[in-house]
Amino acid sequence: MSERVLFFPWGWGGGAAYTGRCLALASELAGAGDEVAFADCGINSMVREAGFTVLESEPEAPRPPDRHPMPSYLPFADVERVFAIAASYHRIERVERRLAADARLIEEYRPTLVVIDMCPTAALAARAAGIPVVSLADADFITPRENGWMPWSTVTPRTLLPHPSSLPVWDRVSRGLGLGEVSRAEHLLWGEVTLVSSLADLEPVEGPPHRGALHFVGPMYWNPPGAAGSAPPDTDRPKVYVTIGSGGTVGRQALQNVLDACADQPWTVYVSSGFAFEGDLVVPDNVVVAGFTGLDTPLEWADVVVSHGGSATVLATLLHGRPSVVMPFMSEQEMNGRELVDATGAGVLLRTSRTTAYGRLAFSDRYSGPSDQPCVGVADIRRGITEVLGDATYTERAAAWGKRLRARRETADLVSLAHSAAPHRAEAHR
């Protein structure tokens with residue numbers, strides 16, 4: 001029996017990875033005969049390019065960020081802070097408006113399954129309508145540990161970002177729908193089935209599942225049908241692939257620092273500039289700047305990958321057995337650099353943070369030490385790339401993890417796992 005599936009990717013200032021992960025599953029489900037559509041959120045251009053329908057929503061539907069200056073580092077310590085600050089979900093009227101819009105789409109489309117990627121209002125709307133939820137998640141979306149996005153922090157999440165808490169709003173709304181209390185924001189992101197695009201050995205989720213079944217399925221990401229810009233060049237020199245995000249949290253200066261670090265070096269450099277950078281950069285002769293290229297082709301080409309530390313990017317880099325140089329622009333990216341790159345020995349992390357007693361952040365760069373600059377400097381970036389290119393053990397360790405990730409990805413039946421969330425599907429398998 002085929003399903004009718006409605007996807008809700010996170011869109012309040014998030015990067016392409018949330019929408020891309022949904023597209024990866026949507027492609028599998030559509031190939032198996034399911035009907036698939038997307039809510040008007042996330043990055044709609046990606047959805048339409050993949051050939052899926054986008055349903056119209058209210059004018060205040062989530063949107064990718066405008067191209068304006070962002071803080072150099074976003075210290076979200078847990079998922080509640082993301083909800084409260086990125087989407088203003090500490091305001092009950094905001095939650096109720098978004099919940100009503102999601103409920104209206106569900107009522108009109110009449111799905112048999114709802115898939116969320118970090119969209120709490122869609123999860124609540126689906127459950128209130130009796131529709132099972134499949135959740136696509138990073139491990140830190142659903143972790144029970146405190147400071148889940150920033151476990152090295154020694155202060156509370158609200159000490160770093162003192163906006164009002166969204167938790168009382170979630171609890172009130174959930175109780176009003178007859179869905180019970182909400183004691184942690186992370187609980188909103190558990191589905192009847194939850195799929196984590198990683199390995200339990202890399203990113204364990206401690207404790208029993210809050211709801212439904214938890215499955216680690218290996219990396220999930222999406223490559224556009226037509227890559228933008230020039231293909232990676234043929235070269236005999238060491239190959240450096242640069243991808244530092246789609247522009248949501250990355251300033252122009254950070255990318256320029258990377259380009260300057262690569263100037264006059266004996267490398268060939270290929271840059272995926274994402275959606276945000278369309279010029280006004282000084283590009284060295286050994287650098288090719290493309291657009292939204294997807295990941296597989298440049299990762300196959302590269303010897304080393306310079307990235308922002310986004311989950312999809314780091315895991316895809318490991319999947320391809322390539323070592324990383326990570327320069328993070330927010331707490332979750334730093335955590336990915338700490339846990340998936342530095343701790344595994346599959347590359348280097350160029351910047352770390354620590355929290356002070358008064359809720360401030362102090363930064364230290366890998367080679368030059370304490371820094372008050374908004375982003376990693378040219379010398380540190382150049383030295384990080386040089387170190388990884390000069391030490392084959394980084395690539396060896398990345399390749400070992402890549403083998404394990406590929407094995408998990410190849411054996412994970414995403415269609416069956418998603419279908420198992422539907423009661424009639426589960427009954428049919430008995």
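Helix α4 (residues 92-109) lies across β1 (4-9), β2 (35-39), β3 and β4 (113-117), running at about 160° to β1. Here helices (H or I, at least four residues) and strands (E, at least two) are DSSP runs numbered from the N terminus, and angles, from 0 to 180 degrees, are taken between N-to-C directions of axes fitted to C-alpha atoms, for helices over the stretch in contact. Helix α5 (residues 120-128) also packs on the sheet, where α5 touches β1, β4 and β5 (contact: heavy atoms within 4.5 Å) and makes about 160° with the direction of β4. The model is predicted, with local features requiring pLDDT of at least 70 and side-chain atom pairs pLDDT 80 or more, while totals for chains, interfaces and linings use all residues. Residues are numbered from 1 along each chain as its sequence is written, and side-chain values use heavy atoms, without hydrogens and water.

Turning to the sheet itself, seven strands form an open, parallel arrangement in the order β3-β2-β1-β4-β5-β6-β7, where pairing requires at least two DSSP bridges between two strands. The edges are β3 (53-55) and β7, each pairing on one side only. Within this sheet, β5 (residues 133-137) and β6 are joined in parallel by four bridges, and A137 has V196 of β6 as its bridge partner.

S197 is buried, at 4% relative accessible area (buried: under 20%, with a 1.4 Å probe and protein chains only). Its side chain makes a polar contact with that of R21 at 3.2 Å (N or O atoms within 3.5 Å, one able to donate a hydrogen and the other to accept it; sequence-adjacent residues count only if both atoms are side-chain atoms).

Technical notes:
Buried < 20%, exposed > 50% of the residue type's maximum accessible area, 1.4 Å probe, protein only.
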